[in-house]
Amino acid sequence: AREATGLPWLEPHLLRKFFAQWLLDRGVDPHSIALLQGRALPGGVAVTIDHYIWDYEARLRKVWEENRPVVFEC
């Protein structure tokens, strides 16, 4: 079916990863993303972040830098 549509590189796993990233980019909580992917256990969030969300640590760091409390303004 993938070859018939001209998309032989497209795999279900890739669609799943794209959807997780798309949700994260729109502000959906990673716990909710894990539940949508069928990972209800606490470890499911870690699996979702490790396998399906690209560059999660850098995104988290950016949010921190933009919103961190500032004690002294220079």
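Helices are taken as DSSP runs of at least four residues and are numbered from the N terminus. On that basis glutamine 37 is found in the loop between α2 and α3. The model is a predicted one, and its chain contains 4 helices and 0 strands.

**Confidence**

- Over the chain the pLDDT averages 77, and 89% of the residues reach a score of at least 70.
- Helix α2 (residues 30-36) has the highest confidence, with a mean of 84, whereas helix α3 (residues 42-52) has the lowest, with a mean of 73.

**Overall architecture**

- The order of elements along the sequence is α-α-α-α.
- The chain has 74 residues, of which 20% count as buried.
- Its accessible surface is about 6100 Å², and carbon and sulfur atoms hold 62% of that area.
- Among contacts in the chain with a separation of 6 or more, 38% join residues 24 or more positions apart.

**Nonpolar core**

- The largest nonpolar core has 9 residues: Ala20, Leu23, Leu24, Ile33, Ala34, Val45, Ile49, Tyr52 and Ile53.
- Helices α1, α2 and α3 each contribute at least two residues to this core.
- In soluble globular proteins, nonpolar side chains tend to be buried together.
- Isoleucine 33 belongs to the core; beyond its neighbours within four places in sequence, isoleucine 33 contacts Ala20, Leu23, Leu24, Val28, Thr48 and Ile53.

**Valine 45**

- Valine 45, another member of the core, is placed in helix α3.
- Valine 45 counts as buried because its relative accessibility is 11%, and the limit for that class is under 20%.
- When neighbours within four places in sequence are set aside, the contacts of valine 45 are with Pro30, His31 and Ala34.
- One of these partners, histidine 31, is 14 residues away from valine 45 along the chain, with a C-alpha separation of 5.7 Å.

**Two buried glutamines**

- Glutamine 21 is part of helix α1.
- The relative accessible area of glutamine 21 is 12%, so this residue is classed as buried.
- From glutamine 21 to isoleucine 33 the C-alpha distance is 9.2 Å, across 12 residues of sequence.
- Glutamine 37, in the loop between α2 and α3, is also buried, because its relative accessibility is 11%.
- Apart from residues up to four places away in sequence, glutamine 37 touches Arg16, Ala20, Thr48 and Tyr52; of these, Ala20 and Tyr52 are members of the largest nonpolar core.

**Nonpolar surface patch**

- Helix α1 (residues 12-25) is the main contributor to the patch, with 3 residues.

**Points to check on the structure**

- Which residues does glutamine 37 touch, not counting those up to four places away in sequence? They are Arg16, Ala20, Thr48 and Tyr52.
- Which helix gives the most to the nonpolar patch? That helix is α1.

How values were computed:
Residues numbered from 1 in each chain as written. Predicted model: local features only at pLDDT ≥ 70, side-chain atom pairs only at ≥ 80, totals over all residues. Heavy atoms only, no water. pLDDT = per-residue confidence, 0-100. Buried < 20%, exposed > 50% of the residue type's maximum accessible area, 1.4 Å probe, protein only. Core = buried A, V, L, I, M, F, W, Y, C linked by side-chain atoms within 4.5 Å. Contact = heavy atoms within 4.5 Å. Areas by Shrake-Rupley, 256 points an atom, 1.4 Å probe, with all protein chains shown as cover.
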